[in-house]
Amino acid sequence: MRTLQTQLERFGEQHLEGALRLSRQAGWPHRLEDWRLALSLSDGVAAIDGDGQVVGTVFATAFKTDAATINMVIVDEAMRGQGLGRKLMDAAFRLAGNLPLRLVATTEGLPLYEKLGFRQTGTILQHQGIAGEMPAPAGVEPASPADLTAIIALDRAACGADREQLIVYLATIGEFAVLRRNGQVEAFAALRSFGRGEVIGPVVASTLQDAKTLVSHFIAKRPGHFLRVDTGAEAGLAGWLAEQGLSYVGGGITMARPVEERAKPAVTTFALANQALG
């Protein structure tokens, strides 16, 4: 374990390569492009040691005035146990201001987050694997630019926060598909490059069957490709994903500070954009 003085800097492009080194050290699949996506949507802090190396990171991603997620929390393995994680979290709190906070915790990070007032709200199950052959389901359409307003509204209803900037960004780097009934968009899913292959998410729908139909649409388009889906344990999608060859490989613990009471929404987030952004 190294004992070194560190200083915190506003995270910028110059820190991306160092952050990528940390995520690889931690066993994360993130590419430089995935770090760049997170940075484009977030404010962040990098911890720098005396040699100018990035030894810690944290981002706070605000969804307008509704909430913020704290994500990309990494401490160099040689620097752990010295309070740097707490120092980074304090910096994230300052970045987020008074917004309600959300995050997805690892089991290792759980004790610190609980000390900081976060409470568990659920469990995320990560499923991934090589997509097999599947017939394309009927009724799914590629989204058009005119559908983005409806997609943003559905996403806001499902997650309780206005993630317009995230949805618009995903539309520029990936693709959306929708289920439309009586001329109205009732459910949607997104697909984009991430990590070792591609991720399906977010997936927002009012029924489990609609969520399966949307995920099936993208699986059918990607036979032989590596796909990942992060789903809530309570969503009911995990068992079906395993049947499609996307195996359970781990996950995380959703947490909030404070835990907000919400009426059950008319639509559900069946799959996350990713664990960092919800």
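Trainee: How many helices and strands are in the protein?
Mentor: Eight helices and 13 strands. Helices (H or I, at least four residues) and strands (E, at least two) are DSSP runs, numbered from the N terminus. Residues are numbered from 1 along each chain as its sequence is written. The model is predicted, so local features need pLDDT of at least 70, while totals for chains use all residues.

Trainee: What is the radius of gyration of the protein?
Mentor: 19 Å, over C-alpha atoms. The globule rule (2.2 Å times the number of residues to the power 0.38) gives 19 Å for 278 residues, so the protein is as compact as a globular protein of that length.

Trainee: How much of the protein is buried?
Mentor: 52% of the 278 residues. Buried means under 20% relative accessible area, with a 1.4 Å probe and protein chains only.

Trainee: New topic. Which strands pair with S12?
Mentor: S5 (residues 101-105) and S6 (residues 119-130) are among them. S12 itself spans residues 247-257. Two strands pair if DSSP finds at least two bridges between them.

Trainee: How many bridges join S5 to S12?
Mentor: Five, and the two strands run antiparallel. Leu103 has Met255 as its bridge partner in S12.

Trainee: And S6 to S12, how many bridges?
Mentor: Nine, also antiparallel. There, Thr123 is bridged to Ile253 of S12.

Methods: Predicted model: local features only at pLDDT ≥ 70, side-chain atom pairs only at ≥ 80, totals over all residues. Heavy atoms only, no water. Buried < 20%, exposed > 50% of the residue type's maximum accessible area, 1.4 Å probe, protein only.
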